[in-house]
Amino acid sequence: MSLKNYTLTLKDTVEEFTKKLFYALFDEQYYEENIKTIENLFFDITGKLDIKEASITWLLYKAKFKEIRKKLDLDAIAFEKTDPAAKSLREVYLAYPGFHAIAVYRLSHELIKLKVPVLPRMMSEYTHGVTGTDIHPGATIGNSFFIDHATGIVIGETTLIKENVKIYQGVTLGGIQVKKSLAETKRHPTIENNVTIYANATILGGEVIIGESSIIGANVCVTESVPPKSLVIYQSENKIVSIEKK
């Protein structure tokens, strides 16, 4: 029995495509010098993935670059305004892994909207490896999104995140069950406007809605909806004792 071949070296091509596209969004000279190379990489990838009508898809995708850049500028401003460690917008663009993860999410999400298979997931998995942030390209995320520290964040495929949401390291927006029969259902939570979710919080379930302007504290596990303007915290007692010998 012969085994089916999979072109795993395509991972390297997708990595190059993603990096060059990311750079081109923020540097006009780089864009002009590399856009043809980026286009050729796109056609190479889509050809190997047997994606039809790639030329039309590329034109539609390319037409969205300015809109994506505008969304990312709003994200960057949210980073600078929120993080006291951010000294400038330049620092956000150049040094923040959370911003990098959001940028590639927005690029890959646009391909999902154009119904391009496989490539968006490959782009997001490349960035997952680089930043430690796992954002499924099928998730829907509004403007002015802020991720702090980035490491260990998981945002599932059917998650809906609205405007001005802040998420800290280790947060999971996931599903309660993993069943193939649920593939076409909303499995992940909805996060309304102006919500803050602190480190290592877990929010599970497609029917769960975190109400507007709520705060989800660190280490909380939420499996039911939270009303607007709520504070959800995990309370445990820390006991401090002296270890000094008497």
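**A colleague's note on the predicted model**

1. Let me start at the surface: Leu231 is exposed, with a relative accessible area of 57% (exposed means over 50%, buried under 20%, partly exposed in between, with a 1.4 Å probe and protein chains only). Leu231 lies in strand β14, residues 231-232; strands (E, at least two residues) and helices (H or I, at least four) are DSSP runs numbered from the N terminus.

2. A word on the basis: this is a predicted model, where local features need pLDDT of at least 70 and side-chain atom pairs count only at pLDDT 80 or more, while totals for chains, interfaces and linings use all residues. Residues are numbered from 1 along each chain as its sequence is written, and side-chain values use heavy atoms, leaving out hydrogens and water.

3. Leu231 also belongs to a nonpolar surface patch with Tyr198, Ile215 and Ile233, together about 370 Å² of accessible area. Patches take residues with over 30% relative accessible area and no salt bridge, joining nonpolar side chains (Val, Leu, Ile, Met, Phe, Trp, Tyr) within 5 Å and like charges within 9 Å. A salt bridge here is a side-chain nitrogen of Lys or Arg within 4 Å of a carboxyl oxygen of Asp or Glu, and areas come from the Shrake-Rupley method with a 1.4 Å probe; for residues, only the protein chains shown count as cover.

4. On to the sheet, which is open, has five strands in the order β1-β4-β7-β10-β13, and pairs in parallel (two strands pair if DSSP finds at least two bridges between them). At its edges are β1 (134-135) and β13 (221-222), each pairing on one side only. β1 and β4 (residues 154-155) run parallel and are joined by two bridges; Ile135 has Ile155 as its bridge partner in β4.

5. Now the rings, which pair if the centres of Phe, Tyr or Trp (its six-membered ring) lie within 6.5 Å; planes under 30 degrees apart are stacked, over 60 edge-to-face, the rest tilted. The count by this rule is 18 aromatic pairs. One of them, Phe42 with Trp58, is tilted, at 5.1 Å centre to centre and 40° between the planes. Phe42 sits in helix α2 (residues 28-48) and Trp58 in helix α3 (residues 54-62), so this pair ties together parts 16 residues apart in sequence. Phe42 is buried at 0% relative accessible area, and Trp58 counts as buried at 1%.

6. Phe79 and Tyr96 make an edge-to-face pair, 5.8 Å centre to centre with 85° between the planes. Phe79 is buried at 0% relative accessibility, and Tyr96 is buried at 13%.
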